[in-house]
Amino acid sequence: MAAGEAARADFARHWQAQFPGEPAPRMELGSVRAMERELERCRRHLRRLQRALAEERFKVGYLEAALARAPPP
């Protein structure tokens, strides 16, 4: 088994342990450079998701507070 295949199999095994029943996402793990690119891509995606989560939390907090101040219908 090539190093990239072994890395993909190892990743898939760990993914299944964390997310049973969910297929592992396809990632390029054939070399150190490929893994570094995947890591940077994942970090960028995580930053976007964290920003979106923060925005949604703000909207929820704002709307809950506004509704709490609103007079009953």
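Modeller: Before we start, one rule: buried means under 20% relative accessible area, exposed over 50%, and partly exposed in between, with a 1.4 Å probe and protein chains only.

Biologist: Fine. Where does Asp 10 fall, buried or exposed or in between?

Modeller: Asp 10 counts as partly exposed, at 30% relative accessibility. A caution on sources: this is a predicted model, so local features need pLDDT of at least 70 and side-chain atom pairs count only at pLDDT 80 or more, while totals for chains, interfaces and linings use all residues. Residues are numbered from 1 along each chain as its sequence is written, and side-chain values use heavy atoms, with hydrogens and water left out.

Biologist: What does Asp 10 form a salt bridge with?

Modeller: Arg 13, with the closest N and O atoms 2.6 Å apart. A salt bridge here is a side-chain nitrogen of Lys or Arg within 4 Å of a carboxyl oxygen of Asp or Glu. Asp 10 and Arg 13 are about one helical turn apart, because they sit 3 residues apart in helix α1. Arg 13 is exposed, at 54%.

Biologist: How many salt bridges are there by that rule?

Modeller: The count comes to 7. One of them joins Arg 41 and Glu 38, with closest N and O atoms 3.0 Å apart. These two are also 3 residues apart, in helix α2, so about one helical turn separates them.

Biologist: And Glu 38, buried or exposed?

Modeller: Glu 38 is buried, at 12% relative accessibility.

Biologist: Which side chain does Arg 47 meet in a salt bridge?

Modeller: That of Glu 40, at 3.5 Å from N to O. Arg 47 is partly exposed at 46%, and Glu 40 is partly exposed at 32%.

Biologist: Switching topic. How many aromatic pairs does a search of the whole structure find?

Modeller: It finds 3. Phe 11 and Trp 15 make a tilted one, 5.8 Å centre to centre with 40 degrees between the planes. The rule: rings of Phe, Tyr and Trp (its six-membered ring) pair if their centres lie within 6.5 Å; planes under 30 degrees apart count as stacked, over 60 as edge-to-face and the rest as tilted.

Biologist: Why are Phe 11 and Trp 15 separated by about one helical turn?

Modeller: Because they are 4 residues apart in helix α1, which covers residues 3–18. Trp 15 also pairs with Phe 19, again tilted, at 4.5 Å centre to centre and 45 degrees between the planes. Phe 11, Trp 15 and Phe 19 form one aromatic cluster.

Biologist: How exposed is Phe 19?

Modeller: Partly, with a relative accessible area of 36%. Phe 11 is partly exposed at 23%, and Trp 15 is partly exposed at 23%.

Biologist: Zoom out. How many helices and strands are in the protein chain?

Modeller: There are 2 helices and 0 strands. Both terms refer to DSSP runs numbered from the N terminus: helices are H or I, at least four residues, and strands are E, at least two.

Biologist: What box do the C-alpha atoms fill?

Modeller: Roughly 70 × 25 × 10 Å, taken along the principal axes. Of the 73 residues, 7% count as buried.

Biologist: Last one. Where is Arg 48?

Modeller: Arg 48 lies in helix α2, residues 32–69. At 52% relative accessibility, Arg 48 is exposed. Its C-alpha atom is 33 Å from that of Ala 70, 22 residues away along the chain.
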